[in-house]
Amino acid sequence: MAASKPAHMLRDEDLVGTNLEGLKAAPLRARRVTSVYVYEAPVRLWHWTNAGAIVVLAITGFLIGAPPSTLAGEASAHFQMGWIRYLHFAAAWIFAVGFLGRVIWAFFGNIYSRELFYVPVWKLSFWRELWEEVLVYAFVKKYARKFIGHNALAQLTIFLCFTLTGLFMIATGFALYSDGTGIDSWEGRLFGWVMPLLGGNLATHFWHHIGMWVIILFVIIHVYTVTREDISSRQTLISAMINGYRNFRDDSRD
Amino acid sequence: MAALETFYEVMRRQGITRRSFVKYCSLTAAALGLGPEFIPQIAHAMETKPRTPVLWLHGLECTCCSESFIRSAHPLVKDVVLSMISLDYDDTLMASAGHQAEAILDEVMEKYRGNYILAVEGNPPLNEDGMYCIIGGRPFVDQLKRVAKDAKAIISWGSCASYGCVQAAAPNPTAATPVHKVVLDKPIIKVPGCPPIAEVMTGVITYMLTFDRIPELDRQGRPKMFYSQRIHDKCYRRPHFDAGQYVEAFDDEGARKGYCLYKVGCKGPTTYNACSTTRWNDGVSFPIQSGHGCIGCSEDGFWDKGSWYARLKDVSGFGIEASADRIGMTAAGVVGAGLAVHAAISALKRARYKGDDV
Ligand code: HEM
Ligand code: HEM
Ligand code: SF4
Ligand code: SF4
């Protein structure tokens, strides 16, 4: 029985001389893991700041589109929409500056810090891995191969639904912002052209609003998949985004 | 060619006194946001410059621009400006008609070749060779192109000439087309609005006549001095917007108290125009002051952008119409349910895991 176990599963005798000596290996599911450093501190810091900014942006953005019901009393006693918009713009700045910082970091960080900004469509292996990942999510295959950075499906989704949509939100957001600061402001000069392209000012509001829903759907799916993968894939995910290290649960070759 | 009259001479000939003339110059300076030091400059220009004739053509339209124009708040401005332009050609305002009128057009074009300003109200329909709008027996589009050829600059009055307006609403059966898509080689000043505000119209035309140049334009070709701020930026209900006090229905308490009209579809936040500062009819009121949201009449495509009583247009397709939020929430619900099923299946598969394969 024990002989049929994969090499990385530890046996009772493997624990001798460790702090686990004397315990049973099987119920502990004791195993040898390989750990690699994937997400460097700036990437992790950015991920969580960015996630926070997006939560604030989505809530305040939704409220800008559909304000809460009318407040009673004098107008001078309230500044509700004022605060909602203030928070939206504050978070927008954090989001935009963070995005810029993340782009800059891609030049200095490890190769995994660059995965956010491209999809290797020119590589056959990418398409093979993508298909494999789809089969795993369709419960046809049990395990996908191991990945140090994002798996192919994750990279594609993140690129489309986060990187591109995020850029779109920044461009349309600052274009809308120039309504307040004027077309001669830097926002107007840099992003004002977006509005006529999308069919005008109102249409820009519309597409900015749709962009929010794309990102919300991404976040729902993202949180589900990283949690699921963290539980049942061959590597850890969530902790990798917290402490940077990714553990592989087995050492077998793919 | 005989020596051309100056503006001042034309005005005097029209019976305008010196005193009124000076008043007019100071009013103009004020209307254009210029300081008092500009008054002598304007007066000097009017006294010495040969008058620039304005030809005013009418295409597919409702004539609301002319209606607005002749109701300019200050009668003096109206009289002066009209005296400068109505002499020439404006088929709804001038006295002559028929062949006589068309002859004037040719005469002015000939005499002032390359020097006259063409003001266009309405737009040319292009379908069926332009036969949906016939002027003097010929399609309007022909007249427009002919007169535009030797014009110094073109003013597109109103949303029709600037953007197409109601007659260009989908599916636009007559192919009503804004002027800048028909005349491609002339400077075009767009003065959108349905109609544009009288003071804005007289302001633009006075600026061009007195300073002999085109006012500074924004990206869309509108004069910055009147179209650089939104209705929302100067709306007197703005404090209610910032406070979070809205009209939720046209007969509620908020409506009676004059709260912000954002939730009943006010397009003020996306509309560039001078209504909230200049107002209408001698500064009496403007739509928002009368309790109705702005419909965005000076914005491109306002006639096709969904309800005037909803903030954003609905998403249509697959035989349904719903707001972006409804679609988003439905999608989130569907995705959420899908993920729940996926999670359940994953958990069932996982339950058989003994921790010993990988
Ligand atoms: C993930 C990022 C973002 C999300 C989810 C988001 C969401 C939204 C939503 C839903 C609206 C309401 C649209 C409407 O119904 O009219 C909105 C408005 C707006 N957003 Fe964003 N936004 C994001 C990023 C940004 C950025 C980067 C800026 C840049 C400054 C920005 C600036 C604005 C502005 C100026 C408005 C219009 C506010 C107003 O009309 O008073 N947004 N946003
Ligand atoms: C608003 C919420 C969130 C957004 C917009 C977001 C966005 C992103 C993005 C863009 C990446 C790619 C990072 C890169 O390549 O540099 C990423 C990775 C990741 N995120 Fe999030 N995230 C959000 C919330 C969360 C939450 C709540 C969790 C944890 C439960 C999480 C866990 C992870 C993990 C584990 C990865 C690495 C995925 C991998 O290795 O393929 N994220 N996220
Ligand atoms: S009424 Fe319209 S223009 Fe005025 S503050 Fe409200 S939304 Fe803005
Ligand atoms: S308030 Fe809006 S709809 Fe009304 S005239 Fe002004 S721009 Fe047009």
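Analyst: Gladly. At 22% relative accessibility, His222(A) counts as partly exposed. This is a predicted model, and the values here are computed from it.

User: Why is His222(A) called partly exposed rather than buried or exposed?

Analyst: Buried means under 20% relative accessible area and exposed means over 50%. The 22% of His222(A) falls in between, so this histidine is partly exposed.

User: And what makes His47(A) buried?

Analyst: The relative accessible area of His47(A) is 17%. That is under the 20% cut-off, so His47(A) is buried.

User: Which iron atom has these two histidines as its protein donors?

Analyst: The iron atom of ligand 2 has His47(A) and His222(A) as its protein donors, each through NE2, at 1.9 Å. His47(A) belongs to helix α2 (residues 41–65) of chain A and His222(A) to helix α8 of chain A, so the pair ties together parts that are 175 residues apart in sequence.

User: Why is the site of the iron atom of ligand 2 called octahedral?

Analyst: Six donors count as octahedral if opposite donors are over 155 degrees apart and all others lie between 65 and 115. The six donor atoms here make angles of 87 to 180 degrees, and the site is classed as octahedral.

User: What are the protein donors of the iron atom of ligand 1?

Analyst: They are His88(A) and His208(A), again through NE2, lying 2.0 to 2.1 Å from the iron. His88(A) sits in helix α3 (residues 80–108) of chain A and His208(A) in helix α8 (residues 201–232) of chain A, so this pair ties together parts that are 120 residues apart in sequence. Both His88(A) and His208(A) are buried. The site of the iron atom of ligand 1 is octahedral too, with angles of 85 to 178 degrees among its six donor atoms.

User: What is chain A built from?

Analyst: Chain A has nine helices and two strands. Along the sequence they follow the pattern α-β-α-α-α-α-α-α-α-α-β. Buried residues make up 44% of the 254 residues. Chain A exposes about 13,300 Å², and carbon and sulfur atoms supply 69% of that area.

User: What makes Arg29(A) worth a look?

Analyst: Its phi is near 50 degrees, a positive value in a residue other than glycine. Arg29(A) is found in the loop between α1 (25–28) and β1 (34–37) of chain A. With a relative accessible area of 40%, between the 20% and 50% cut-offs, Arg29(A) is partly exposed.

User: Let us turn to chain B. How do you know on which side of helix α7(B) its buried residues lie?

Analyst: In helix α7 (residues 140–149) of chain B, the buried residues are Phe140(B), Val141(B), Gln143(B), Leu144(B), Val147(B) and Ala148(B). They cover an arc of only 160 degrees around the axis, which puts them on the same side of α7(B).

User: Why is Ser156(B) called buried?

Analyst: Its relative accessible area is 0%, under the 20% cut-off, so Ser156(B) is buried. Ser156(B) is found in strand β6 (residues 151–157) of chain B. Leaving aside residues up to four places away in sequence, Ser156(B) touches several others, including Val120(B), Val179(B) and Ile189(B). The C-alpha atoms of Ser156(B) and Val179(B) are separated by 6.9 Å, although the two are 23 residues apart along the chain.

User: Where in chain B are there cis peptide bonds?

Analyst: One joins Ala170(B) and Pro171(B), with omega about 5 degrees. Pro171(B) is found in the loop between α8 (158–163) and β7 (188–191) of chain B. The peptide bond from Cys194(B) to Pro195(B) is also cis, with omega near -5 degrees. Pro195(B) lies in the loop between β7 and α9 (198–211) of chain B.

Key. Residues numbered from 1 in each chain as written. Chains lettered and ligands numbered in written order. Predicted model: local features only at pLDDT ≥ 70, side-chain atom pairs only at ≥ 80, totals over all residues. Heavy atoms only, no water. Donors = N, O, S within 2.8 Å, 3.2 Å for Na, K, Ca; no water. Tetrahedral: all angles 85-135°; square planar, octahedral: opposite > 155°, others 65-115°. Helix = DSSP H or I, 4+ residues; strand = E, 2+ residues; numbered from the N terminus. Buried < 20%, exposed > 50% of the residue type's maximum accessible area, 1.4 Å probe, protein only. Areas by Shrake-Rupley, 256 points an atom, 1.4 Å probe, with all protein chains shown as cover. Arc of directions from axis to C-beta. Contact = heavy atoms within 4.5 Å.
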